[in-house]
Amino acid sequence: MHISLFGSIKNLLRMLVALFLLVVVALTGFAMYGLKYEAFQFDDNFDRRMVPLYQVERIGGLMGDIRSQLLLSIQHQPGTEFVKAHNHPTSLHTDLVRKYEAQINELWQAFMSVHHGGEASELASAFEEQFQLFFEKGVAPTVKLLEQGNYVGANWQILQQVNPLFASADKARSDLSDRKLRGAQEARAEIAATAKLLNTELLAVGIIGLLLAIGFAFFVTRRINRGMNNLGTLADNMAAGDFRDQPLPFTPNQDEVGRITERFIHTRSSLAQLAREIGQVGESLSEQAERGAAMAEQSRSGIQAQKAETDLVATA
C-alpha cells in the first residue's frame, strides 16, 4: 500500500526529529561561523594593524637611539671634560648606529609586506621619505665625520641636520602610528558590530526554528489526538451495544490510526448486520412459538369437547 509522506504518523515523527536536528545543526553552524569570524577578524586586525603599529613605534625608538649614540659619540672629542667619562672607542657608538639602522630596514620591510589602506599607505610613504632623509643627510654624514675624527663638524651636523630631520621623521611616524591605531579601533568597532549582528541572527534563527518545531509538534500531536478520540468514541459506543452508523467527532486521516479507525467502523457494521440477523431470527422464532401455542390451544379445546361428549354418553 502506498503511503504519502504526510499520511503516516511514523513519517511525521521522523520529520519532527529531523526538524529538531536541523534547528540544532543550524544553531551550531551559526555559532561556529560567528566564532571563526571573530577569530579571523581578530587575527587580521592584529596582523595588519597592531603588529605594524609596533613596528613603526619600534622604528621611532631606534631612530631616537641612533641620535643618542651620535650625541654620545661627540663626547669623545679630545680635550673636553666628557672624554674622561668614556672608556671605550667612538666606534662602539658608530657600530651601534649601523646595527640600529639595519634593524630599522628589517622592520620596515616587514611593515611594507602587509597590505595597508589608502591613507595609511600615503602616510607610510611620507614616513619612509623622512627617515631616509634622516639617514642620508643626517646620520651618514655625521658617522663619516666621527670616523674622520672631526667631532666639531659632527656636532654641527647633528645640530643642523640630524635634529631637524629627526623631528620631521618623528612627526611622520606619529601620524602613521595614529592612523594605524585608529584603524585598529575602527576594526574593533566593526568586529563588535558584526558580532552583535551575528548574535541577533543566531537568536532569530533559534526562535524561528523553535517556533517551527513547536508548531509541527502541535500539528502531529493534534492529529494523533483526533484519531485517538475517534477510536475512543467508537469503542465506547460499541461497548454500550450501539452499532449504529453515527458520524465521528473528526474526519479520519489516512494514517495508522485512521486505518485502525476504518477497521473499527467495518467491525461495527458487521456487528450491526449480525445484530439485525439475530433480531430477524428471534422474530421468526417468536412467530413460530405463537403459532404453536395457538395450535396447542386448539388441540386442548378439542380434547376437552370430546371429553365432555364422552361424559354425556356415559351418563345417558
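The protein chain exposes about 20,100 Å², of which carbon and sulfur atoms supply 61%. The model is a predicted one. Of the 316 residues in the chain, buried residues make up 29%. The secondary structure comes to five helices and zero strands, and the order of elements from the N terminus on is α-α-α-α-α. Among contacts between residues at least 6 apart in sequence, 76% join residues at least 24 apart.

The nonpolar interior was examined next. In soluble globular proteins, nonpolar side chains tend to be buried together. The largest nonpolar core of this model has 31 residues, and the members that touch the most other members are M63, I66, L70 and F134. Helices α1, α2, α3 and α4 are the elements that give two or more residues to this core. A second, separate core consists of six residues, including L16, L19, A213 and V220. For L70, one of the members of the largest core with the most neighbours in it, the contacts beyond four places in sequence are V97, V139, T142, V143, L146, I158 and V162.

S73 is placed in helix α1. Its relative accessibility is 0%, so S73 counts as buried. Leaving out residues up to four places away in sequence, S73 touches T90, H93, T94, L146 and Y151.

A pair of aromatic rings is described by the distance of the centres and the angle of the planes. The structure holds seven aromatic pairs. In one of them, W108 and F131 are arranged edge-to-face, with 5.3 Å from centre to centre and 80° between the planes. W108 belongs to helix α2 (residues 91-112) and F131 to helix α3 (residues 118-147), so this pair ties together parts that are 23 residues apart in sequence. Both W108 and F131 are buried. F131 also pairs with F135: the ring centres are 6.3 Å apart and the planes stand at 85°, so this pair is edge-to-face as well. In contrast to the link between α2 and α3, F131 and F135 both lie in helix α3, four residues apart, or about one turn of the helix. F135 is buried, as is F131. Ring pairs join W108, F111, F127, F131, F134, F135 and F166 into a cluster. F134 is a member of this cluster and is also listed among the residues of the largest nonpolar core that touch the most other members.

Charged side chains were treated in the same way. A search of the whole structure finds eight salt bridges. One of these is formed by E57 and R173, whose closest N and O atoms are 2.7 Å apart.

E119 takes part in salt bridges with two arginines, R179 and R182. In the bridge to R179, the closest N and O atoms are 2.9 Å apart. This pair links distant parts of the chain, R179 in helix α4 and E119 in helix α3, 60 residues apart. R179 counts as buried at 16% relative accessibility, while E119 is partly exposed with a relative accessible area of 40%. In the bridge to R182, the closest N and O atoms are 3.4 Å apart. R182 lies in helix α4 and E119 in helix α3, so this pair ties together parts that are 63 residues apart in sequence. R182 counts as partly exposed, at 35% relative accessibility. Salt bridges that share partners join E119, R179, R182 and E186 into one network.

Conventions. Residues numbered from 1 in each chain as written. Predicted model: local features only at pLDDT ≥ 70, side-chain atom pairs only at ≥ 80, totals over all residues. Heavy atoms only, no water. Phe/Tyr/Trp six-rings, centres within 6.5 Å; stacked < 30°, edge-to-face > 60°. Buried < 20%, exposed > 50% of the residue type's maximum accessible area, 1.4 Å probe, protein only. Salt bridge = Lys/Arg side-chain N within 4 Å of Asp/Glu carboxyl O. Contact = heavy atoms within 4.5 Å. Areas by Shrake-Rupley, 256 points an atom, 1.4 Å probe, with all protein chains shown as cover. Core = buried A, V, L, I, M, F, W, Y, C linked by side-chain atoms within 4.5 Å.
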